[in-house]
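Hi,

Here is the structure I said I would pass on.

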Amino acid sequence: MKEKRVSRAAPHPKMTGAGRRRRRARDGFDPVALEVFNNLFRSVAEEMGASLSRTAHSPNVRDRRDFSCAVFDSQGRVVAQAEHIPVHLGSMHFAVRSALAAGLAAGAGTWLLNDPYAGGTHLPDITLVTPVRIGRGGTCFYVASRAHHLDMGGASGGSMGAHSEIFAEGLRIPPVPIVDAGGVWERSVLDLIRANVRSPEFLEGDLTAQYAANQTALQRLAEMADRFGLKKVLDYAGHLRRYSARRMRIMLASFPEGVFRAEDFLEDDGFGGGPFRIRASVEVRSASVRVDFAGTDPQVHGPVNAPLPVTWSCVQYVLRTLTDPDIPNNSGCFEAVRLYAPPGTLVNAVFPAAVAGGNVETSQRIVDCLYKALADALPERIPAASCGSMNNLSVSGQDPRSGGPFSYYETVAGGMGARPGLDGLSGVHTHMTNTRNTPVEMLEHVYPMRVERYALRHGSGGGGRYRGGDGLVREILFLADSEIHLLAERRHRGPPGLWGADAGKPGRDFLIREGKKKRLPPKGSVCVRAGDRLRMETPGGGGWGAPGKGL
């Protein structure tokens, strides 16, 4: 809902060739070199991801690519990032700065953390931060990789269950050294972590893959310094940040000025409470944006509380999707953005709130709320609501083939909301997630499960001038007694359409035992027997525009 609208800001005048040359001379960079360094820095992050996916052990990291990589300057500001997971990338600088505050800058080596109250997101996301030192000087860059591990202990397999405190969600690790400057692992720390998780071999294999990815970045940055000189590399890291800041201010100056408000709701917290309000106010003034979540409900008993880094990620994501994608994606993009999220609320949870679902479910609703707020301001750019849930499924138990414990985790795709001029895509991950699915062959090879059905949920997308994308139907047969853990949203009301279009169908989840179907709650755990099936029907996206009508 729009509170008020002032005039559109004056369009940025096109600069003449002479004007561009004067600006370049004043800024002190060559535009060709700027583009070269933009691609070089970005390629470092992309190669980190390629290394991580090739060397990881778990299907979740190796096949689903549930990880992210980025390069930071000596102050912990983003220089470049790969096109990985939005909720990871927008929040990772909090982890880097937390490691710096804990003492990383004082020594070499690599540090590890997953604490949501010290720069993390939720416990399965482990971040490794490594300083980059070239020549005889101090640290000139930091590189970081974050991966979602299959299990971090706690009461529920996969560490993604419906609990009321973070203590039940798993092992919480503040910034600690994990590998020394000589590449020797802190075995006592690693053994402590292994002793608390259900899949220690997968965890250690994925951690070593993250470390290898960071080492790849160190090598590439050193090669850049050898080729161009360290001073020039550092100078262009700064030029890129300032260039992105200027480009983003130009984009924000084209937004209608005013204050735009909206609210949306989380359905429940897994403990009988809900719905819970998320309220957002977006103020656009003088080529800057202030996002204010005052009026959002207090943090709740269940696991849908979002730490501040997650909320900041959502704000970054929405603004990037509404501005020029060619702007280099670094910390300069958000110098003109301010965020106020009241502590102790759903969007800025404080210790010891449970947060497993804040990263995966509340993040999606924050995005929905921000898009809704800006729909009046930018009707030609805002899509209808997408699936609105990552449809999280965790399974744990004893594998009869090995006799040992297993943990499986997956997010199941849904329908994309229709867009101005285009239907939504079907069966895709949207907004704050950007993972793939686990290939059926790999899932059945690694786990005592079999995929019986995997198909589009035809007709689940909302109708309109442009239709929302369809969700998925996924049916899994369990070959061993197991415990399943669901964490999902949009099960009571489907994702709303925009401008008079229909909502997408809400999701549904069923346990099928001896031919009888039982509807499951969207958040919680249930024990299943060998021969039981789980059927997940994920939400479709909302439609866009009433048929035959304009805005």
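**Cavities**

The largest cavity has 15 lining residues, and D66, H148, N359, V360 and M390 are the ones nearest its centre. α4 (86-89), α10 (358-374) and β13 (405-411) are the elements that each give two or more residues to that lining. Before you go on: this is a predicted model, with local features needing pLDDT of at least 70 and side-chain atom pairs counting only at pLDDT 80 or more, while totals for chains, interfaces and linings use all residues. Residues are numbered from 1 along each chain as its sequence is written, and side-chain values use heavy atoms, with hydrogens and water left out.

A cavity here is a set of points, on a 1 Å grid over the protein atoms alone, where a 1.4 Å probe fits but cannot get out; lining residues have an atom within 4 Å of a point. Helices (H or I, at least four residues) and strands (E, at least two) are DSSP runs, numbered from the N terminus.

Among the residues lining it are Q364, C387, S389, M390 and H429. The count for this lining is five nonpolar, six polar and no charged.

**Sheet and helix**

There is also an open five-stranded sheet, ordered β14-β15-β20-β17-β18 with antiparallel pairing (strands pair if DSSP finds at least two bridges between them). β14 (449-457) and β18 (516-519) are the edge strands with a single partner each, so one side of each has no neighbour in the sheet. β14 pairs with β15 (residues 471-478) in the antiparallel sense over eight bridges, and R453 sits opposite E475 in β15.

Last, helix α9 (residues 308-321): at 1.5 Å a residue its 14 residues should span 20 Å, which agrees with the 20 Å between its end C-alpha atoms (the expected span is 1.5 Å times one less than the number of residues). Twelve of the 14 residues in α9 are buried (under 20% relative accessible area, 1.4 Å probe, protein chains only), including W312, Y317 and R320.

Cheers

Methods: 1 Å grid on protein atoms, 1.4 Å probe; cavity = no way out; pocket = protein on both sides within 12 Å on 5 of 7 lines; lining within 4 Å. Nonpolar A, V, L, I, M, F, W, Y, C, P; charged D, E, K, R; others polar. Buried < 20%, exposed > 50% of the residue type's maximum accessible area, 1.4 Å probe, protein only.
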